[in-house]
Amino acid sequence: GDARDTHLIRILKHFKQDVLVASVQYRLAPQAPFPAPVEDATHASVWLYHNVHIFGGDPDRFCVGGVDAGGTLAAVVHQEASKLGIKVKATIVFAPYLRFGATTRSYMEYSRIGTLPYDLAVWNWRCYCSTSDAGDPRCCPIEVRGKMDPREISPIFIVTNRYDPLRDEGREYAQRLSAEGIEVTHTELFGTHHHALICDLPGVRRIVRQFEERMFANDSDASQQDVQRTKKGGKVNRCSPSTEPQQVEVIGTEKETTSPTAK
């Protein structure tokens with residue numbers, strides 16, 4: 001992590017309330033391949049959770065998040081929190097790497113966009129881990145199928161980009177966690193590609209404020225909101241309006257179409 005990280009700055013400026021942020025620097029591949037980055041992320045999370053009071057923070061509002069590879073590590077901490085002995089209030093991940101390799105349709109369609117070329121994505125994975133690690137959810141979070149207790153997993157906000165090679169695995173991860181009974185809010189930013197949060201500032205602003213509401217909500221309030229959402233028939237993927245109608249998936253129910261003027 002880096003306090004000067006442009007993604008972090010763009011995200012934080014949309015918070016209305018004061019938040020205490022720790023940007024964690026972890027060892028990088030290929031010098032330190034898996035599981036070194038995961039170990040750094042989990043150890044840092046445990047230390048921060050138990051020592052946040054030193055900095056004036058509240059462990060009851062402890063959250064994790066990340067962008068790109070940092071989102072991958074945040075997803076791992078989200079899954080492992082109960083085993084680590086920490087309680088995560090909520091998690092937010094922006095365009096994380098979730099599956100070993102580069103075989104999805106979105107890779108085929110958008111890997112020629114310069115922000116994440118196909119060859120670079122494959123090279124990143126080869127530097128990070130071996131094929132024998134690909135089935136480990138600590139390496140590839142999407143492999144977590146059937147291994148989580150929804151009573152022990154906090155809500156998660158998953159953000160994908162419309163023209164990102166990582167889009168499809170983010171969509172699948174949201175569906176998979178939802179099928180496991182985890183509370184998932186999946187947002188897809190239209191007109192955006194990998195590393196392009198600035199292209200849809202209204203969308204990013206809305207996501208951050210939803211996340212902030214969850215962070216500062218009382219547990220009883222959050223539980224009541226969950227009941228209300230369930231009664232309405234599922235959780236809607238909130239997407240930013242584009243120049244033409246888009247399909248918005250509703251988890252567990254039918255699909256509906258939003259127009260550019262939808263609010």
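**Figure 1. Helix 5 and its buried residues.** In helix 5 (118-128), the buried residues are Ala-121, Val-122, Trp-125, Cys-127 and Tyr-128. Buried means under 20% relative accessible area, exposed means over 50%, and partly exposed lies in between (1.4 Å probe, protein chains only). Helices (H or I, at least four residues) and strands (E, at least two) are DSSP runs, numbered from the N terminus. What do the buried residues of helix 5 pack against? They pack against helix 2, helix 3 and helix 4 (105-110), where a contact means heavy atoms within 4.5 Å. Keep in mind that you're looking at a predicted model: local features need pLDDT of at least 70, side-chain atom pairs count only at pLDDT 80 or more, and totals for chains, interfaces and linings use all residues. Residues are numbered from 1 along each chain as its sequence is written, and side-chain values use heavy atoms, with hydrogens and water left out.

Figure 2. A disulfide is a covalent bond between the sulfur atoms of two cysteines. Cys-129 counts as buried, at 9% relative accessibility. Cys-127 counts as buried too, at 16%.

**Figure 3. Helix 2 from end to end.** Helix 2 (residues 36-51) has 16 residues and reaches 22 Å from its first C-alpha to its last. That's close to the 22 Å expected at 1.5 Å a residue; the expected span is 1.5 Å times one less than the number of residues. Its buried residues include Ala-36, Pro-37, Val-38, Leu-48 and Tyr-49. Which elements do the buried residues of helix 2 pack against? Look for strand 1, helix 3 and helix 5.

Figure 4. The peptide bond from Ala-29 to Pro-30 is cis, with omega near 5°. Another cis peptide bond joins Phe-34 and Pro-35, and here omega is about 10°. Pro-30 lies in the loop between helix 1 (6-12) and helix 2, and Pro-35 lies in the loop between helix 1 and helix 2 as well.

Figure 5. Is strand 2 (residues 90-94) mostly covered or mostly open? Mostly covered: five of its five residues are buried. Ala-90, Ile-92 and Phe-94 point one way, while Thr-91 and Val-93 point the other way. Strand 1 (residues 63-67) runs parallel to strand 2, and five bridges join them; two strands pair if DSSP finds at least two bridges between them. To get from strand 1 to strand 2, the chain passes through helix 3 (residues 69-84), and this β-α-β crossover is right-handed. Right-handed means that, with the strands pointing away from the viewer, the path from the first strand over the helix to the second runs clockwise. Strand 2 also pairs with strand 3 (residues 156-161) in the parallel sense, over four bridges. Val-93 is a handy spot to check: Val-93 is the bridge partner of Gly-66, and Val-93 stands opposite Ile-158 in strand 3.

**Figure 6. Positive phi in two loops.** Asp-68 has phi near 65°, a positive value in a residue other than glycine. You'll find Asp-68 in the loop between strand 1 and helix 3, and it is buried, with a relative accessible area of 16%. Ala-95 has a positive phi as well, near 45°. Ala-95 lies in the loop between strand 2 and helix 4 and is buried, with a relative accessible area of 7%.

**Figure 7. Aromatic rings in pairs.** Rings of Phe, Tyr and Trp (its six-membered ring) pair if their centres lie within 6.5 Å; planes under 30 degrees apart count as stacked, over 60 as edge-to-face and the rest as tilted. By this rule the count comes to eight aromatic pairs. Why is the pair of Phe-157 and Phe-211 edge-to-face? Their ring centres are 5.6 Å apart and their planes are at 90°, so the pair gets that label. Phe-157 lies in strand 3 and Phe-211 in helix 7 (residues 201-216), so the pair ties together parts that are 54 residues apart in sequence. Phe-157 is buried, with a relative accessible area of 5%, and Phe-211 counts as buried at 5% relative accessibility. Elsewhere, ring pairs link Phe-34, Tyr-97, Phe-100, Trp-125 and Tyr-128 into a cluster.
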